[in-house]
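Okay, thanks everyone for coming.

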Amino acid sequence: MTSKAQKSAQPRKRHERKLRYQHVYDMIEAMIREQGLQPGDKLPSTAELAEMAKVSVISVRRALDELAHQQKITRHQGVGTFVAPHRITSELTRSGSLLQMMRGPAGEVELHTDLVSVLVGLAGDQHAIALGVQSGSPVWEVTRVRRVGATPKVLERAVLPLAVVPSLDQEHLAAGGSLYDFLRDQYGLSDDLVEQAMEVVEPSAWEREHLNLTGRDDVVRIRGTSIRADGVVFDSFQQTYLAHDFVFYVSASSRSRLIEPRDDKFWAVQPLGPTARSVN
């Protein structure tokens, strides 16, 4: 074969390899769907899948890598490959606490809350715009991790203006109590409208640390505002979800938008030194 012919053959070989692993990927998806396999059901071994698809073990491993990255299967060294658990549905435009926005296959999600920190600081420019306050206005910043079992699933940060929320019950929050139930009961604050901007991104170091992320995991980062019936914005929040663990349901609204996605570095709260309190 001439040098020119060899060069022309190389892209075709790469394309054929790609099609082979995609064939295995599609075959496994069809197997799960058509056989009605449930979370925890074991899949055939790598060698068995290679024989079924008439491809090499390398192609099977590539397909399994892609399926595992997308959280469609789980792999346990020396044990086997299994159908992954169902993803959680989050209804982003539904009013109420985060728990009320989520459901699993059985309709309920047992969500646990760990309070990471509570501090008082000064609102950066973008938080000030979202909240309708002056830049540098005093705000609360509350950071929490939401777990399903022992696994972190959502990292949440809420920024609340002190002019609207003069005090917080930190013991209530530390015990896993609902921030938004407290705001409703103590100050009559409940959202008539929630506006949100969503993006799929690589996690920041802060998100990796609190969600225990490794490798090439992507996250869904949502920024939003909670607005009561008279138009007062009482919350500028960020929620970070493990991208492959959730399905998001969104209903449309014809109202104008109050927030837009912006660069992370501008969404900041400057701590006020000794007034800042971290929860260990």
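I'll start with the whole chain, then go to the cores, a pair of helices and one histidine.

First off, keep in mind that this is a predicted model. In the protein chain you'll find 8 helices and 13 strands. There are 280 residues, and 43% of them are buried. The accessible surface comes to about 15,400 Å², and carbon and sulfur atoms own 49% of that. If you take contacts between residues at least 6 apart in sequence, 61% of them join residues at least 24 apart.

Now, the inside. The largest nonpolar core has 24 residues. Which ones have the most contacts inside it? Those are Trp140, Leu160, Val165, Leu168, Leu179 and Leu183. As for who builds this core, at least two residues each come from the strands β5 (111-123), β6 (138-148), β7 (151-161), β9 (219-227) and β10 (233-242), and also from the helix α7 (179-187). The largest share is from α7, with 4 residues.

Skip its neighbours within four places in sequence, and Leu168 still touches Val118, Trp140, Val142, Leu160, Leu173, Leu179, Phe182 and Leu183. Apart from this core there's another one, of 18 residues, and its members include Tyr25, Leu37, Val60 and Val83.

Okay, on to the helix pair. Packed helices get described by two things, the angle between their axes and the distance between the axes. For α2 (residues 46-53) and α3 (residues 57-69), the angle is about 110° and the axes are 9 Å apart. Anything from 65 to 115 degrees counts as roughly perpendicular, so that's what we call α2 and α3. On the α2 side, the contact is made by Thr46, Leu49 and Ala50, and α3 brings Val57, Val60, Arg61 and Leu64. By type, those contact residues split into 5 nonpolar, 1 polar and 1 charged.

Last stop, His23, which sits in helix α1 (residues 3-34). Beyond its neighbours within four places in sequence, His23 is in contact with Ala53 and Val55. Ala53 belongs to the stretch 46-53, that is, to α2. One more distance for you: His23 and Ser59 are 36 residues apart in sequence, and C-alpha to C-alpha they are 9.0 Å apart in space.

How values were computed
Residues numbered from 1 in each chain as written. Predicted model: local features only at pLDDT ≥ 70, side-chain atom pairs only at ≥ 80, totals over all residues. Heavy atoms only, no water. Buried < 20%, exposed > 50% of the residue type's maximum accessible area, 1.4 Å probe, protein only. Contact = heavy atoms within 4.5 Å. Areas by Shrake-Rupley, 256 points an atom, 1.4 Å probe, with all protein chains shown as cover. Core = buried A, V, L, I, M, F, W, Y, C linked by side-chain atoms within 4.5 Å. Axes fitted to C-alpha atoms, helices over the stretch in contact; angles between N-to-C directions. Parallel < 35°, antiparallel > 145°, perpendicular 65-115°, else oblique. Nonpolar A, V, L, I, M, F, W, Y, C, P; charged D, E, K, R; others polar.
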